[in-house]
Structures are given as C-alpha cells and as structure tokens.
Amino acid sequence: MPVNLRIARAEDVPLIVAMLADDTVAAARQGAYGEEHRAAFEVIDADPANELIVAELDGEVVGTMQLTYIPGISRRGALRMQIEAVRIASELRGRGLGHTMMEWAVERGRARGCALVQLTTDKTRVDAHRFYDSLGFVASHEGYKLALT
C-alpha cells in the first residue's frame with residue numbers, strides 16, 4: 001500500500017475533523033468542522049514544535065496524527081515526541097496503514113533527536129493497546145487528565 005505522509009494543509013482540516021469524529025470514543029467531544037478547528041490548525045501550523053500529519057493513499061487523505069516535540073529538563077534534557085489523535089479512515093483499518101504511519105512518526109522523532117516517543121490512549125481502546133504493544137510501545141505509566149472545559 002503506497003502511502004504518502006506529509007504535513008497537513010488548511011484544506012485537509014475538514015477531512016481530519018471527520019476522521020476524528022468517526023470514532024466511538026471521541027465522537028461526542030469532536031463536533032463538526034468549524035471555526036475552532038480552523039483556528040487550532042493555524043496555531044499548530046505556525047508552531048515548529050507541532051506537526052499535524054496526514055496520510056494519503058491515491059491522493060486521498062486516509063489517516064492523520066499530531067506530533068508534538070517537547071523539550072524537557074528530565075532525562076538529561078531530552079527531547080521527547082508526543083503522538084496524539086492517530087486515526088485511520090474506518091474503511092481502511094486493519095490493512096497496515098497505522099503501522100506505516102507509526103513507523104514513519106518514530107523515524108521522524110529519531111531524526112529530530114528525540115530520546116523518547118510517548119502517547120496516550122483511552123483505557124477502553126483495547127484494540128489500540130494491542131496495536132501499540134505490537135509496535136514495541138510499553139504501557140509503563142498511568143496517565144491522568146483533568147478536563148477544564
């Protein structure tokens with residue numbers, strides 16, 4: 001499956017939002033494409049520490065993820081990469097596209113000098129846990145979140 005991974009453009013955002021909404025866990029909190037998504041894209045796009053990525057197959061956007069590069073004092077000043085909002089178009093799940101995207105992301109982090117790649121995933125996403133395990137990720141920490149809105 002020849003996949004092209006690239007930085008997202010403004011015209012990709014409605015498709016990205018639709019992929020994020022096509023998910024049982026995230027659907028209720030996502031909403032339809034709107035001004036807040038466009039504004040968020042502009043902030044992400046202007047920040048060199050953030051990359052909104054899309055995967056294209058035959059010119060169609062079929063996957064997405066956000067990569068954030070976080071400098072830190074811990075781990076002897078290590079740079080880490082956070083991977084968020086990984087989604088594959090529902091009709092293409094289970095065909096290896098996610099594996100390709102994650103390998104690409106890890107290599108991108110390595111090329112930027114990251115010492116660690118991290119991600120969070122909802123506790124109810126059992127299939128995602130198996131997927132990340134298969135890629136060599138280790139569930140080494142317990143994550144906490146506090147909703148502010």
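A nonpolar core is a set of buried Ala, Val, Leu, Ile, Met, Phe, Trp, Tyr and Cys residues joined through side-chain atoms within 4.5 Å. Buried means under 20% relative accessible area, exposed means over 50%, and partly exposed lies in between (1.4 Å probe, protein chains only).

This is a predicted model, in which local features need pLDDT of at least 70 and side-chain atom pairs count only at pLDDT 80 or more, while totals for chains, interfaces and linings use all residues. Residues are numbered from 1 along each chain as its sequence is written, and side-chain values use heavy atoms, with hydrogens and water left out.

**Stop 1: the main core**

Select M65, L67, M81, I83 and M101. These residues have the most contacts inside the largest nonpolar core, which has 22 residues. β2 (50-57), β3 (60-71), β4 (79-88), α5 (97-111) and α6 (126-134) each supply at least two of its residues. Helices here are DSSP runs of H or I with at least four residues, strands are runs of E with at least two, and both are numbered from the N terminus.

Next, select A8, V13, I16 and V61. They are among the members of a second, separate core of 11 residues.

**Stop 2: L67 and A105**

Centre on L67. Which residues is L67 in contact with, leaving aside its neighbours within four places in sequence? The list is A49, N50, E51, I53, M81, Q82, I83, W104, A105 and R108. Contact means heavy atoms within 4.5 Å.

Move to A105, in helix α5. Its relative accessible area is 0%, so A105 is buried. Beyond neighbours within four places in sequence, A105 is in contact with M65, L67, M81 and I83. Draw a distance from A105 to M65. Their C-alpha atoms are separated by 8.9 Å, with the two residues 40 apart along the chain.

**Stop 3**

Most residues other than glycine have a negative phi, and most peptide bonds are trans. Two residues are worth a look here.

Select R75. Its phi is near 55°, a positive value in a residue other than glycine. R75 sits in helix α4 (residues 74-77). At 52% relative accessibility, R75 counts as exposed.

Then select A85. Its phi is positive too, about 50°, although A85 is not a glycine. A85 lies in strand β4. With a relative accessible area of 33%, A85 is partly exposed.

**Stop 4**

Pick L20, in helix α1 (residues 13-21). Is L20 buried or exposed? At 14% relative accessibility, L20 counts as buried.

Jump to H141, in the segment after α6. H141 counts as exposed, at 68% relative accessibility.

**Stop 5: the whole chain**

Zoom out and show the cartoon. The protein chain has six helices and five strands. Trace them along the sequence: the pattern is β-α-α-α-β-β-α-β-α-β-α.

How far does the C-alpha trace span along its principal axes? The answer is about 40 × 35 × 30 Å. With 149 residues, a compact globule would have a radius of gyration near 15 Å, and the chain's 15 Å agrees. That radius is taken over C-alpha atoms, and the globule rule is 2.2 Å times the number of residues to the power 0.38.

Buried residues make up 36% of the 149 residues. Of the contacts with a separation of 6 or more, 59% join residues 24 or more positions apart.

Finish with the surface on. The accessible surface comes to about 9,300 Å², of which 55% belongs to carbon and sulfur atoms. Such areas come from the Shrake-Rupley method with a 1.4 Å probe; for residues, only the protein chains shown count as cover.
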